[in-house]
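Here is a short walk through a predicted model.

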Amino acid sequence: MAQVALNGLVKRYGAYQALHEVDMTVEDGEFVVLVGPSGCGKSTLLRMIAGLEEISDGTISIDGRIVNTVRPKERDIAMVFQSYALYPHMTVRKNMSFALKLAGTAQSEIDKAVERAASILGLEPLLDRKPKQLSGGQRQRVAMGRAIVRNPRVFLFDEPLSNLDAKLRVQMRAEIKELHQRLGATTVYVTHDQIEAMTMADKIVVMRDGHIEQMGHPLDLYDRPANRFVAGFIGSPAMNFIDGRIDGSGTTCFVASDGTTIPISGRPGLSKGVETVLAIRPEDLTIVPENHSGAFPALVSVVESTGPETIVILASCGTRLSVVVKERSHLKIGEKVWLHAEPEKMHFFESTGDGCRMNI
Amino acid sequence: MTMRNISPGVWFILPTMLLLAALIVYPMLSTAELSVTDANGAFAGMRNFNVAISAPSTRLILFNTAYYVIGSVVFQLLLGILAGILLNQHFAGRALVRSLMLIPWVVPGIVAAMTWAWMFHTDYGIINYIMTQVGVISEPIGWLTNPNTVMPALIAVNAWKMFPFVAVMVLAGLQSVPEELYEAVRVDGANFWHEIWHIMLPQLRPVLVSITLLLTIWALDGITIIYSITGGGPANRSMIFPIQIYVQAFEYFEFNRAAALSVLYFLFLSVIIVLYMRVFAAQEKD
Amino acid sequence: MRDRRRTLLISLPVAILVIVAVFPFLWMAVSAFKPLAQLYTIPPQWLPDPPTLENFKNVVFQSNIPRYFINSLIISIGSTFLALVFAIFAAYGFARFDFRGRSAALAFVLIGQLLPTATVIVPLYIVLNYLGLINTYLGLILVYLILTLPLSVWMLTGYFRGIPKELEDAAIIDGASQLGVLFRISLPLVTPGIIAVTLYSFVATWNEFVFALSFATEKEMKTLPIGLAEFSTEFDTDWGAVMAASFVMTLPIALIFLVMQRMFVGGLMSGATKG
């Protein structure tokens, strides 16, 4: 097993810079998920670790050894691709043994490794089929089998679940997580799906435009997003953002752009007159009676029930807010209600620049 | 630049590029050199060009070449577009007809030439027989020996040979037109001619532009059919530019004069080739 | 009622089309089986009665056609194979790598494919003569690369491009070298392309006339198209033998076409649309 360290990693395509001095460390046995919108550089980063893309500047080291010029096959890594990239003209068995064969491993050992990987993934009955004869989920499993046969130091996954339907994706998510717990292998996993990131990662790295926006434990990112981008990217339904400023006579209040006042007592450190963005997660907003202290008004505009919970979208504070309600709702469109959030559940971001978290 | 910095792609294409350079670039440069020297290798300036151009047959040859190329391309396009549109309709046995239509394209050029020469035979040719029977002509015509009919006859052979190519391309172009487009105009009350005029031809325009340029290049290169049927006769009435190059070089052994003709020929062709490549590059981008 | 009118409306042009396309070919076949006396009659006789193999006997036993047939076979196969070997590497290079001068090189290949033969026959003759390659198999095989190589490169590049890049990345991660990727992964996957290119090159060289006419002037080295043209002299042409020889020459092409029609049409399209 291995530790992967990136230092000041830069990728340029001509004049365009795809990665800006990325620093990050994947600890031995850690499951790290790179997440971000498409074009953020996460796949490029993964392909650089694999050795498929040249490094423009900075270093990548595996177990302390710089591998910048080491060829992919000597890095001792395995990769699972988005399209699975199974060799169409080879059977499952040949697909899984290809790497070992190229490495000159003895046939008896290859057979043993393939059998072992096949039994872990339940692929035994499929070994003599060609990829064309497999379902999407089976192909996905073969792709993973091809990776684990080699017993590599590092596993790389490039959006491996995005070609599966929603139900299968949930199932494979659990399988990959289970496999990781079983093998304990160092893993770097790329996805654009923040739910995959939240559920699978030991550590999430959120990327945008070739920069790392924030990295850390999933719940830390959820509870204390470093900036407005991370706050909006992690969590579903997405965080509510309200533009406004700090004001009020006596108790400190947040005044939204339409004049709605929300008391934020108990949140010292915000000086009056500061322009700011108030952010509240939909599940931290509650619908309360009119006379509840600190409540502010809203008009119901959409009610979406998913069964276990209901998402209510309301017009308030000059914007649209979503609220997750656990119990069945009898709200009507156009109805006026009152909302409330605990001040300690509120996040404040700068209203300018990158929207950094205000340090309070 | 060190060896390591050269993309592996360069190594992959290098042998082929060297071979093509030896087979194409070197001969072309050599042609240019030959065109301005005399038989002993001494510099001759524009003399070869002057001699070649001022030859009494030059005007006739240029006229013939234009006649042959324009005639061929027009009829190839006309026949090919009609056949393509026809084969895009639904009818029983369509697959079989599509294969049969390809026969002219598949048959070797020399075989087509010989077969048509036999069919055009003045005395025993089937064409004269059918035409006199139907009453189109009153007595047999010496198609390939009469100065006025030789070019039309040769153009007919070339049109027959190449129209399936146009038809296949047109068919492919038409098949890429979504069925809904036809349904939409039919709902709008269009008839078959409206469909051809407003849907098919506009959709085919890019294909037809590149086909036309290709057919022009190929017709300009049309030695096989003419040389094997008439050899350029009678009395140069079917002599075209590329055959003249061959004749100058291999029958009169005037290599320098032939080289001068080659240069002129190439300059003219390069205009069409450049046009084609621009159209082609523009289409690749879409 | 409408349907019947439509059927009629379509049947007539279809019938004309089929006759135009097929008749010369049929007339060649029919003439090949006619005895001498029935070839030269006024009015022409439609069908041979009885069919005879006399013309074929003449072609096989009394002419040089068998020798020409073998020459054509050797030269076509040689040039097709040689072009394929070079084209596999070049096409892979064009399809998979980006490097300076790539598009210029590709444009050059396309020009090579479009370049009319007449522009280069004179200097090619001089070069071949200098190298002692006039009237040799090698000479024509090399010259025919002008026809086969650009086309093969162009077509195969398209096929190689169709292979997902991720497949090759996977093979590199699995430890394959650049050549290993080509031979173990990409090449097996472009088998249809290899077949199409082979057929196309074979047909192109089999039918070639101008180069053969210029560079194979001795009896021992001539190819079928030249042999065919030789039958017909200004004063005396044995049309029965010409038609029989034409039939023999068309046979391999017709066989290839029948067996591989779909591929052939596909190749024609990719070869044609891409230049």
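**A covered helix and its aromatic surroundings**

In H9(C), the buried residues are C:Gly180, C:Val181, C:Leu182, C:Ile185, C:Ser186 and C:Leu187. Buried means under 20% relative accessible area, exposed over 50%, partly exposed in between (1.4 Å probe, protein chains only). Helices are DSSP runs of H or I, at least four residues, numbered from the N terminus. The cover over these buried residues includes helix H2 (92-102) of chain A and helix H1 (8-35) of chain B. From chain C it includes helices H4 (65-96), H7 (137-161), H8 (165-173) and H10 (191-207).

Local features need pLDDT of at least 70, and side-chain atom pairs count only at pLDDT 80 or more, while totals for chains, interfaces and linings use all residues of this predicted model. Residues are numbered from 1 along each chain as its sequence is written, chains are lettered from A and ligands numbered from 1 in written order, and side-chain values use heavy atoms, without hydrogens and water.

Now the rings. Over all chains there are 44 aromatic pairs. Rings of Phe, Tyr and Trp (its six-membered ring) pair if their centres lie within 6.5 Å; planes under 30 degrees apart count as stacked, over 60 as edge-to-face and the rest as tilted. B:Tyr276 and B:Phe280 are stacked, because their centres are 5.8 Å apart and their planes at 20 degrees. Both lie in helix H13 (residues 255-285) of chain B, four residues apart, about one turn of the helix. B:Tyr276 is buried at 1% relative accessible area, and B:Phe280 is buried at 8%.

Note on methods: Helix = DSSP H or I, 4+ residues; strand = E, 2+ residues; numbered from the N terminus. Contact = heavy atoms within 4.5 Å.
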